[in-house]
Amino acid sequence: MTLKSFYTRDSTDGVLGLFADRRVSYSLNTRVAIRKACDTLQLGPGDEILVPDYNCGSEADPLRHAGLKVTLYPVDRQARIHLDELEKRISPETRAIYLIQYFGFQHPNGTEIRELCDRHGLFLIEDCALSLLSGDKPVAGRLGDISVFCFYKFFPVMAGGALVVNNEDINGDTQFVRPPPASFIMKNLLRGVFYFLLGQDNATNLLARLRPSNATDHMPGKQEIVERPDMPPHYYFDQRFLDARISRFASLPLRSFNVSEIINTRRENYQLYLDVLSGIQGASPLFPSLDDQDCPLSIPILVQHRDALAAALAADGIPATSWWSGYNQHLDWVDYEDARLLKESVLSLPVHQNLGDTEIRHIASQLSKHIQSLGTSDYV
């Protein structure tokens, strides 16, 4: 299966056409959109926002940059939110709740979270970076007063994000006005060359090895916490990208993808994984079923020795990811037992549209081999 088969001349603006009936603005990336959401909702110093403790850490940093107090609320080890635990964390300073739609799977109690916000007079920011193509129609994200999206996680484009305002009472200009930094454009053009020459998965593995691990200058006041490893330095919000719009190198290709075919292929790949993983002891899918409205980003599985497995698969040329393994060092990680378990145990395997039956069975075979060599038992 090749990337070419997913381009079409018959679609109406491809991916961007999915936003045709929405109040949308296109950003350099999702973090820039999150930062803009704070200004649009007039959230700032003295305001509190509740954020799930199972998070990447990168989505919380634009909130901090806006001066918000970020307070974590618990997500259980099945990535579920319990409304009573969320509601008890609402304080007089709380102005908003942040909701992350994980891996393309929409929260079953999302409507109740929306109602909770309405009862308490709170804004809801819905993070759809991992669920761009999910919903009764793609780019759902209609629960939040503002919803944010990510393009490059689903399509081979140079970054790109979107901010959608769903609440008609929210006024103000949401357009991103600054051009992307030239250094960012050049870096991503070079990444595109690597993707073209090596293939997306091989290029991703190579670039991950080349990325420097030293701390960045864009983390003022950062304090290292040894028992909680840091997230990658480039995950912290970069002031240089503030209010930057999407690059034309990303927006133009987005008009050409066959979205329905990509959704179907990702769903088929996910279902195949469920079938082949059922015979592998020690690998438990975090989401063991696929609803009609879900379009997966990847397949998250719970394993022991997660980082060792990821390294072994990477050596095989398989882009398995230790998903969200690091911690934003500015957040207060006091009660985070289930979140820590997920952050230390979830291995993400690719389901993207360039994979087919042969590739997925090979990935599963290598996974099974490495699990056996590590002596991994069933995940508890």
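Two strands are taken to pair if DSSP finds at least two bridges between them. In the predicted model described here, strand β2 (residues 48-52) meets this condition with β4, to which 3 bridges join it, and the two strands run parallel. Within this pairing, E48 of the chain stands opposite T94 in β4. Strands of a sheet pair through backbone hydrogen bonds, either parallel or antiparallel.

Both β2 and β4 belong to an open sheet of 7 strands, whose order is β1-β7-β6-β5-β4-β2-β3 and whose pairing is mixed. The edges of this sheet are formed by β1 (23-27) and β3 (69-73), each of which pairs on one side only. On average, and with direction ignored, neighbouring strands of the sheet are turned by 20° against each other. Two helices that lie across these strands can be described in turn. Helix α1 (residues 30-40) lies across β1, β4, β5 (123-128), β6 (146-150) and β7 (161-165), and its course makes about 170° with β6. Helix α4, for its part, lies across β4 and β5 and runs at about 155° to β5.

A further open sheet is built from 4 strands in the order β8-β9-β11-β10, and here the pairing is antiparallel. Because β8 (284-285) and β10 (321-322) stand at the edges and have a single partner strand each, one side of each is left without a neighbour in the sheet. Strand β8 is joined by 2 bridges to strand β9 (residues 298-302), the two running antiparallel, and P285 has I301 of β9 as its bridge partner. Helix α8 (residues 259-277) packs on this sheet, where it touches β8, β9 and β11 (346-350), and the direction of α8 makes about 25° with that of β9.

Helix α8 also meets helix α11, the axes of the two coming within 10 Å and crossing at roughly 35°; this crossing is right-handed. On the side of α8 the contact is made by N269, L272, Y273, V276 and L277, and on the side of α11 by D357, I360, R361, I363, A364 and L367. Sorted by class, the residues of this contact comprise 8 nonpolar, 1 polar and 2 charged.

Because F105 lies in the loop between β4 (94-100) and α4 (110-120), while F287 lies in the loop between β8 and β9, the pair ties together parts that are 182 residues apart in sequence.

Conventions: Residues numbered from 1 in each chain as written. Predicted model: local features only at pLDDT ≥ 70, side-chain atom pairs only at ≥ 80, totals over all residues. Heavy atoms only, no water. Contact = heavy atoms within 4.5 Å. Axes fitted to C-alpha atoms, helices over the stretch in contact; angles between N-to-C directions. Left-handed = near helix turned anticlockwise from the far one by under 90°. Nonpolar A, V, L, I, M, F, W, Y, C, P; charged D, E, K, R; others polar.
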